[in-house]
Amino acid sequence: MMKSVKILKNLKNKRALVRVDFNFTLRNGLPLDSFRLKASLPTLKLLAQKKAKVILISHLGKPEKEGEKKKLSFKNLISWLARQDKILKSLQFIENPFSERAISQIHQAKSGSFFLLENIRFWPEEKQNNFAFSKKLSKLGDIYVNEAFSVCHRKHSSIVGLPKFLPSYAGIRLQEEITTLRNVLEKPKHPFVLISGGAKISTKIELLRGFKRIADFIFIGGGIANTFLFNKGINVGSSFKEEISLDSSLLKQKNIIIPFDVVILQKDKVRNIKVKDVNSLKGDFKILDIGKESVDFIVEAIKKAKMIIWNGPLGYFEKKPFDKGTKKIIQALLQTKSKVILGGGETIVCFNQVRDNLVKNLVKANPNIFISTGGGAMLEFLSGKRLCGVKALENSR
Ligand code: 3PG
């Protein structure tokens with residue numbers, strides 16, 4: 001059983017090492033949104049109220065890629081973070097968590113102080129889940145809190161290593177994510193609809209395999225629909241697709257529905273065309289959105305559904321007019337009274353990028369919408385896998 005951070009008593013003079021997910025999408029060096037930060041605030045506030053000194057650990061981007069490191073230092077984000085909530089206003093940056101200086105800085109700090117360590121993936125040992133590194137890191141805290149559901153599928157030091165050395169607790173949001181997603185798997189409400197888009201089917205095959213038994217309908221869009229069409233022998237021109245072969249258990253599955261019509265771009269012309277007519281197209285083209293008929297069909301299904309999961313945009317939503325399908329689906333989700341769960345990497349990016357009123361209202365207007373902080377973690381959880389980060393919390397002392 002995981003212990004909740006809520007059971008903790010007075011933490012005066014105690015140091016709480018908290019794994020958060022500040023892996024923001026950056027534009028011009030700054031986060032596009034603060035969704036994941038906001039999701040962690042109840043836990044951070046609770047720890048501050050209980051008088052702990054809070055030491056935040058997170059990764060940001062992929063610093064192992066050549067030339068990326070400088071851009072991905074948390075030093076660049078400290079003042080942005082400090083502006084997001086008053087508890088973080090005196091947030092201090094710790095460049096080298098293993099230095100004497102850092103240890104005495106934390107030692108001398110007052111209760112309720114907040115620190116953020118440098119991007120934890122600057123140390124290759126983090127991804128290797130290196131035992132000695134986890135042990136060294138654990139010396140910075142008296143307790144460990146995992147408030148990073150979205151990283152719980154990673155077998156890294158700050159996720160699975162630290163709980164071996166410190167009494168460990170689940171953050172408030174992490175628990176909410178698990179309860180909500182577990183309910184989907186254990187108590188689905190029917191009609192239950194999964195809408196799955198995004199680029200890569202390779203990251204979603206397990207999800208589709210699991211859900212073809214649970215969901216009444218699975219609607220496919222985006223790049224993954226192209227891979228389905230391609231596997232069914234349909235010419236998809238130079239549309240994005242993955243060269244992988246899908247087996248007949250997916251291709252012939254009755255409740256998996258691929259678009260009947262699509263929006264294509266051919267020589268600067270945008271057209272809505274039936275899938276059965278795509279094969280007779282002459283010359284090159286790209287499929288960039290699901291077509292009107294398919295959108296209407298999904299919207300009708302949303303109206304009747306009692307539970308809906310949406311993962312991944314249905315077209316090239318970054319570029320008008322290919323955002324239409326995705327936006328219509330969002331509009332329908334806004335109006336339903338049923339439980340809606342959104343998440344998965346590209347879905348969150350989609351929310352970040354489609355910043356018009358429609359999307360902002362969606363979040364406010366429909367209290368039944370749960371936006372998971374998880375990308376890959378949500379997909380793995382819903383595919384029925386046990387997340388290693390959750391397991392580590394359950395096994396911790
Ligand atoms: C995410 O954005 O899904 C998490 O922060 C995990 O990031 P990663 O894919 O770089 O491990």
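The shell around the ligand holds no nonpolar residues, 3 polar ones and 5 charged ones (Ala, Val, Leu, Ile, Met, Phe, Trp, Tyr, Cys and Pro count as nonpolar, Asp, Glu, Lys and Arg as charged, and the others, Gly among them, as polar). Keep in mind that this is a predicted model, where local features need pLDDT of at least 70, side-chain atom pairs count only at pLDDT 80 or more, and totals for chains, interfaces and linings use all residues. Numbering runs from 1 along each chain as its sequence is written, and side-chain values use heavy atoms, with hydrogens and water left out.

**Around the ligand**
- Asp21, Asn23, Arg36, His59, Lys62, Arg121, Ser150 and Arg154 surround the ligand, each with a heavy atom within 4 Å of it.
- Ligand oxygen atoms sit 2.8 Å from a side-chain N or O atom of Asp21, 3.0 Å from a polar side-chain atom of Asn23 and 3.1 Å from a side-chain N or O atom of Arg36.
- On its own the ligand has 310 Å² of accessible area (Shrake-Rupley method, 1.4 Å probe), and the protein covers 85% of that.

**The second largest pocket**
- Strand 14 (strands are DSSP E runs of at least two residues) gives the most to the lining, with 5 residues.

Notes: Helix = DSSP H or I, 4+ residues; strand = E, 2+ residues; numbered from the N terminus. Polar contact = N/O pair within 3.5 Å; in protein donor to acceptor, adjacent residues only side chain to side chain.
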